[in-house]
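The stops below proceed from one selection to the next.

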Protein chains: 2
Amino acid sequence: MTTVPSEALRGRPVAPSTGALTPVGLTDVTITGGFWARMQELNATAIIDHAEHWMEKVGWIGNFDAAVEGRLPQDRRGREFSDSDVYKLMEAMAWEIGRTGDADLEHRFNDLVARIQPVQEPDGYLNTMFGRPGQQPRYSDFEWGHELYCFGHLIQAGVARARTHGHDTFVDIALRAADHVCDVFGPGGKEMVCGHPEIETALAELGRHTGERRYLDQARLFLERRGQGLLAEIDFGPEYFQDDVPVREAEVLRGHAVRALYLASGAIDVATETGDPDLLEAVRAQVSRTVASRTYLTGGMGAHHEGESFGQDYELPSDRAYSETCAGVAAVQTAHRLLLADGAAEHADLVERVLYNVVSASPAEDGKAFYYTNTLHQREPGTEPAQDEPSPRAASSLRAPWFAVSCCPTNVARTLSSLGAYVATTDDDGLQLHQYAAGHVRAGVAGGEVEVDVETRYPDDGLVRVRVAATPPGPWTLSLRVPGWAPGAVLRSGGEERDVAPGYASVHREWAVGDVVELEIPLAARWTWPHPEIDALRGQVAVERGPVVYCLESVDLGADVAAAEVVVREAPHDDGTTVRVPVRVRERVGAAWPYRAEPADQAADDVRDVALVPYHRWANRGPSTMRVWMPVAR
Amino acid sequence: MTTVPSEALRGRPVAPSTGALTPVGLTDVTITGGFWARMQELNATAIIDHAEHWMEKVGWIGNFDAAVEGRLPQDRRGREFSDSDVYKLMEAMAWEIGRTGDADLEHRFNDLVARIQPVQEPDGYLNTMFGRPGQQPRYSDFEWGHELYCFGHLIQAGVARARTHGHDTFVDIALRAADHVCDVFGPGGKEMVCGHPEIETALAELGRHTGERRYLDQARLFLERRGQGLLAEIDFGPEYFQDDVPVREAEVLRGHAVRALYLASGAIDVATETGDPDLLEAVRAQVSRTVASRTYLTGGMGAHHEGESFGQDYELPSDRAYSETCAGVAAVQTAHRLLLADGAAEHADLVERVLYNVVSASPAEDGKAFYYTNTLHQREPGTEPAQDEPSPRAASSLRAPWFAVSCCPTNVARTLSSLGAYVATTDDDGLQLHQYAAGHVRAGVAGGEVEVDVETRYPDDGLVRVRVAATPPGPWTLSLRVPGWAPGAVLRSGGEERDVAPGYASVHREWAVGDVVELEIPLAARWTWPHPEIDALRGQVAVERGPVVYCLESVDLGADVAAAEVVVREAPHDDGTTVRVPVRVRERVGAAWPYRAEPADQAADDVRDVALVPYHRWANRGPSTMRVWMPVAR
């Protein structure tokens, strides 16, 4: 870690050396109020502690102690990838320490480092599951072993530490691991890839941070090797781990959703750093088709429980939506990288949608239980998951404290602690605001350092007020994202007001401290209709308010949502606090055979206004049934 | 096998000692023409040979030779349950020999017996996968080992042989296996059940056949032990193998569909033989709710690929229909047993629906390729499956010659060879015809032996003519099933004509040879609509003609079926040969985001008549897209 650039400590999860936009790191963005401040507070006071507590309780952290004390394999706990969850927690801690300087957390972080460090072997290898007497040998199971995946999360955590604190013991562990990976898998080494992509994006980022070309080359090697059939056959088929087609030849994301999205992120990183516009365009087109035909209204991805995978185009069943929380986290990473690469607002739209409706839906209001999958239709009221032991991963009827495969809570934690990094970027011309939260942004533009204060109650209210707090002399451009769902937005600046279309609304001028720009985003609740080829949604309608997807929950209906049909004659009723829609409750009639000679009868005439709740807040009031897409009364 | 009743050789797969109806065995029913004769011919000339050929090719039969020659475990081929497929083939052969007396098949059957016999151990144990040095010990994996499941199929094949040929070496092997199972798992023995039900119904039938109470008691023991949590935890949860709730306490079929249906069959057998009306009623109610809310229009069962399992009530996605062929075979077995127990026509309706639309859909027209799953909506044209090696089991885009898990072809074979057994029953009062095919039925009624000839082109034509060919003196009742979908049926007898409602239309009289009863079933093509709670089918309609479900295939549309909307103003066009419906082909418009502020546009005005094909005949003309349920044009 000899060449740390001066910008290195600004807390950027992703720092491309080139591209349309330059990210503003989380140490330069302070979120002070509103939705995202509350989520960051929940993360700081509950989620991180909860994840650490559970990983001690179930022994995943203890695996490192067991390694040091020679108690492996007999005392090994958890699945083959459990080390990675400890690293994801540490990444969350690293961002959080960078964001808040929390001394207690710094202490706990260093405690973890002290327990992990002695497990690293002289050649840099580090894994509690493989290589000891009685364990499987190192690198004997690329399909399911997850060794390179674990290294990837270790390296990402190392980069987070390096970018918020600077070089230390933990960063050194990560560097030694990366060197080991390059030694073993570099040119002339093992011609193999990991069944779970992750190492690619991690090595690319470490290469960006250190300036070490070797890491980037290794990331590119892993990427180019994929799709050549190097991995053995598995029941799910090669598309499960994207080994069916070379990355640059694929047309759409497919197979296991998290794997596909991590791989896409790595491919964007490699394409950006190595100047490979064809690869970048291939991945951009894959993501574009995926968003157009394989993405839920929430931004969730993954339509099959089997293989946790994408379905085919327009195959998006609400009741079997897998929409794994981690796929949401991964989609944010992919879309953020595309935004930095090409500057198109659609990527920031997706980041926003996924943050509000997938990532935020996972944790319970107390931050002590999580969704692993995020269904859009709950048919049966859930039963309370086990409180004292891990739950099966895809049991999503109610949020569970922990899972046997518990990638999601730590992924939520590292995303929430680094939220600031998604807010703003710069380019040669000025500053862009992509996500709206009350707070403060500091960034360098061509002429010098800029600071702005953002005042807003978004997404409760659509007014975003940006006040210049510091500015260099000379003109620069302030750009504000107008979400794709918000035609009719208005921009006010310098006493003028103009309509602004979705995309970026920009003001180019010389600025003075105190100058104000206001963006007014219309976000009254609206009906949303599905593409006609989504069979699962035919005859149904949803309600959105701003970036927030709403849902009908049985707690509010006073009946099972299976009986509900919504009447669509005027806009949903929105008093600024609560969204209500007129609902008919159908009499539920069974039949010995569910197919018949006549269409279903008209529903009863009894129509009443029923409150909807933001999807991310559902199932916080006990077991219920729920649906995002509601049948339309004829 | 000391006490073989005189009725024993009449070829009955199921022979309860009590119940509403007594089955007429397949040796007393000759199917001479029409759909079922063609299917039996396909089975006799192609399917059985094909299955035998493949099981030699992939070494599943060779496993028995390898056992004898001491080449196990190193030469073991196939999955842990592959022995059972050899037994299912032998069951098919046994029924076929009973039906046709085919000498070549008798020779091949005995060859197989000669290869299997020496593998049976002195205590009756017989399995090529377990118990030898280097193999897992016997009974060390009840969750996935399938040992009792294999014994179940061996015993069922033995019963088939005993009922078509009488006691021989193979029947003796089955008896020794059954004795072994009772020795090991009887009172005071291993308190365990098999992860895959099947032994229950097999032992019950063997008990019926031999009069040995011990087999029936053992079946009951296995049944009562299930649902107590004796099996270890698996990822799919205990409902996968119905170990979540005791059989008599369950409310609906759930978990793995084949397992659930085999268990239900065993429970009906046990309830019937032990005089347990509560158990019978419990299973009847479970099946009833399953038919009402967890069954596809085809009669197919199983809505999840994950776990090959039932979904929740009304969760019946067309595009992810699993509808395993074997679940169809199992549903026929369950419904037939309920029919014998309570005589309700709805069970025979289900048998008919499943036979036409699931069991018959599996084999290709040449009998050399099969569907394992039976989707109701094919979104992407399939690619040709491997011709020289087994395919993955759930790849259903085109029929495959063989599967790595290949339960379906042999299950189809044993069902087709025993089809005759589903045609007729008797009771104290007379003869009932449940399924219609041209042929001859011989049966005993109270007064003596009855014979009838059936002339019909059903299901191409709705006229069923029954002519009395032999009759005892004195009155008896002839009952003909009027399918549930056929209001408006007419019965003609003795110069009189009357309307008959769904259920059984009966004529009670003294009969003379030559007397004719005609049932006219209206079967012009009709629209069929879904229950309003089946979200996956909202806004869609299907077409049925008689018991046959139709579908729209891209080969006939000349376009991807994704673009089709059907115009429902009059009945489907049915000229007696081809069914056509008016279809609009929508212009297919993509969008960057598949959700929008307005409902989908009206389709273009171009409407044309397009031919539909019987669902069981689809995908015989190369890769295509297909849908059973078609969107209705607004």
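How many bridges join β20(A) to strand β14 of chain B, and in which sense do they run? Select β20 (595–596) of chain A together with residues 526–530 of chain B: two bridges join these strands, which run antiparallel. Within this pairing, Arg596(A) has Trp529(B) as its bridge partner. Strands here are DSSP runs of E of at least two residues, and helices are runs of H or I of at least four, numbered from the N terminus; two strands pair if DSSP finds at least two bridges between them.

This is a predicted model, in which local features need pLDDT of at least 70 and side-chain atom pairs count only at pLDDT 80 or more, whereas totals for chains, interfaces and linings use all residues. Residues are numbered from 1 along each chain as its sequence is written, chains are lettered from A in the order in which they are written, and side-chain values use heavy atoms, without hydrogens and water.

**The interface of chains A and B**

Next, select the residues of each chain that are in contact with the other (heavy atoms within 4.5 Å): 52 belong to chain A and 52 to chain B. The two chains bury about 4,700 Å² between them, 48% of it on carbon and sulfur atoms; this is the accessible area (1.4 Å probe) lost on being put together, summed over both parts.

Display Asp535(B) and Arg627(A), whose side chains meet in a salt bridge at 2.4 Å, N to O. Eight salt bridges are found across the interface, each being a side-chain nitrogen of Lys or Arg within 4 Å of a carboxyl oxygen of Asp or Glu. On the side of chain A that touches chain B, α10 (277–293), β14 (526–530) and β20 each supply at least two residues. The largest share, four residues, comes from β14(A).

**The open sheet of chain B**

Move to the five strands β1-β4-β5-β9-β12 of chain B, which form an open sheet in that order with mixed pairing. Its edge strands are β1 (22–23) and β12 (503–510), each pairing on one side only. Inside the sheet, select 430–433 (β5) and 475–482 (β9), which pair in the parallel sense over four bridges; Leu431(B) has Leu478(B) as its bridge partner.

**Strands around β21 of chain B**

Finally, select β21 (607–614) of chain B with β16 (548–553): they pair in the antiparallel sense over two bridges, and Tyr550(B) is partnered by Pro614(B). Strand β19 (579–585) also pairs with β21(B) in the antiparallel sense, over six bridges, and Val579(B) stands opposite Leu612(B).
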